[in-house]
Amino acid sequence: MLRLNDVNVRKFKLSEQFVAPYKDSEVPWGPVGYVTFKRTYARRLAEFEEGAVGTEEWWQTCRRVIEGMFDIQKRHAFLIGIEWNDAKAQKTAKEAYDRLFNLKWTPPGRGLWMMGTRFIYERTGAGLFNCAFRSTRDIANKGGYLFAWMMDALMVGIGVGFDTLGANTFTVKEPQWTEETLLIEDSREGWVKSVHILLDGFILGKKVPNFDYSAIRGKGESIRGFGGTSSGPDPLIELHNNLKELLGPKIDTEIESVDIVDIENLIGRCVVAGNVRRSAALAIGQSEDREYLTMKNDQEKLYHHRWGSNNSFEAKVGMDYSWHAEQSAINGEPGYIWLENARNYGRMKDGKKTDDLKVMGFNPCVEQQLEDAELCCLVETFPAKHDDYEDYLKTLEIAYMYGKTVTLINTHWPETNAIMLKNRRIGLSQSGVIQSFNKFGRRTMLQWCDEAYKHVGELDKEYSDWLCVPRSVRMTSIKPSGTVSLLNGSTPGIHYPEDEYYIRRIRFASTSDILPTLEKAGYKIEKDSYSPNTMCVEFPVHEPFFKKGKREISMWEQLEIAAQYQYYWADNSVSITVTFHPNEAEEIKDALEMYEARLKAVSFLRYQETGYEQAPYEPITKEEYEEMIKNVTPVQKIETNEGGVGSKYCSNDNCEI
């Protein structure tokens, strides 16, 4: 795979003449699109030009992304000695830029935040990938490395799925405590190395030195490479102490599934507290492991660290779902993952296949089936933002090309590179699916899916042959989306909108210099009722192409839509959290039995108006919306030197930790 700095060629650039008109062009933002962009994805201009002031505008982010995308292609071509036609690339890049600028497609949040940055060139391409999976089955031999790998991935913003197959495979050992001192480097690698060493002590009985934290930069100092600010050493110190407290009493006993999840959850707590990235994790346990399946019932540990993963289990077609369905009806967990369906099928329409039998698990939002140590890159398209099918196909080609391009770049994990070289797995996704149904018709959209999937297959043949790489083992999925879909006002993934009119609340640090602009524009701003030093801003939203929302939709219709997309579109998986009403709770068991052979994964969540103050979404009436909107002037420009907070790993708030 490609190491960008190993290829000495002139970087790919779009011409100033081409880009200039876009500087003053109107962007088709959704109701909270521009604010979301500036808050999340706009990088500081000083990263690219010394002394520059302010943060990117959308035309600049689009330029960074497209130039980075085509530069990877160019370097790959020169590295392996194949033809590179710069004039042809320029033409395609301009089309890609225009369609991105007009929000007909986007890279994942990872791509908007990281593509074209120095971090990708100088450190690792891993920051461009959304999600990963690691199995713990070999933990007895690989020791702390598996958890260090997961921590490393989380710290570069990758969501990680993992299993509990390492349970009962080794006895926890007494580390060889030494008088030596290890000075922990002030870097991601330094933090990860320290956790690796500590866990090797308990898993393999190796030497563990005293840790010296004095080199770690102080709280609030900037992190130049990845972006963000430092938390200081405290979260790492706490993680080391928590791991000792967890594993110390377990010495001379077998590791259990709950211990494996606790270790990863404690790591997740550290990563989040480390102030570099919100993150996400998914645990996959066994159906009969009741201790694992009920571990979140311990409220004290739940609040401390067990919130750090969504917990699912490997379901089997034909099993008795009675107990599990009752749990889902209570608290939304566990989720259901049919690994055998994932291993044996791409799209359900295409029948059984044998080309992906090494699948071991899923990413946190379960739209991508993955081998152990495999990564995935997702790309988002918005069918409802197009005029017709031919228009959508043009966008789909660009989106496909982005995903395939990211598979050309290497990571810093050799075993991951080996799998990526072979599989080239990508995830072309759709958001605003329900809007597309309402705009074009359900039958029309399913026909689009079927025909477009075949078109993607032809694209993959063409581009793989040109790039001299294997065809992608899987290419399509439905991700739940989240922040990215807010940019153009699309409904997330396959999910229904909250209502026709609603309030969308977004939180900002109380020191954010974006807040004065929002206040001047007339948006309601108040202190966050739950988090200190945080302000909550209300944005009124009117949903386009609306017919019905979450309050009206049945559990059964949601399941059927997911199954249809698994049949016609997704050869990976469809991420679906089915919201159910109280009167449907007793039907979850029946639903699982009816859809177990048509889906690869599903989770359930009771729909309820929480009554919480400042909920992220709050339905309102048309009259309330019109009253709110009268007082608001849409924000056209935000002058700030405050860089975006960066993308959460992958998808939406349901997957985030």
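Helices (H or I, at least four residues) and strands (E, at least two) are DSSP runs, numbered from the N terminus. The model is predicted, with pLDDT of at least 70 needed for local features and 80 or more for side-chain atom pairs, while totals for chains, interfaces and linings use all residues. Residues are numbered from 1 along each chain as its sequence is written, and side-chain values use heavy atoms, without hydrogens and water.

Val 271 lies in helix H11. Val 271 counts as buried because its relative accessibility is 4% (buried, under 20% relative accessible area; exposed, over 50%; partly exposed, in between; 1.4 Å probe, protein chains only). Between Val 271 and Arg 442 there are 171 residues in sequence and 42 Å in space, C-alpha to C-alpha.

Helix H10 comprises 14 residues (234–247), which at 1.5 Å a residue should span 20 Å; the end C-alpha atoms are 20 Å apart, in agreement. The expected span is 1.5 Å times one less than the number of residues. The buried residues of H10 are Pro 235, Leu 236, Leu 239, His 240, Asn 242, Leu 243, Leu 246 and Leu 247. They lie on the same side of H10, because they cover an arc of only 165° around the axis, taken from the directions from the helix axis to the C-beta atoms. Residues three or four places apart point the same way because an α-helix has 3.6 residues a turn. The exposed residues Asp 234 and Glu 245 are carried on the face of H10 turned away from its buried side. The buried residues of H10 pack against helices H8 (145–155), H9 (188–204), H11 (257–273) and H13 (299–304) and strand E5 (207–212), contact meaning heavy atoms within 4.5 Å.
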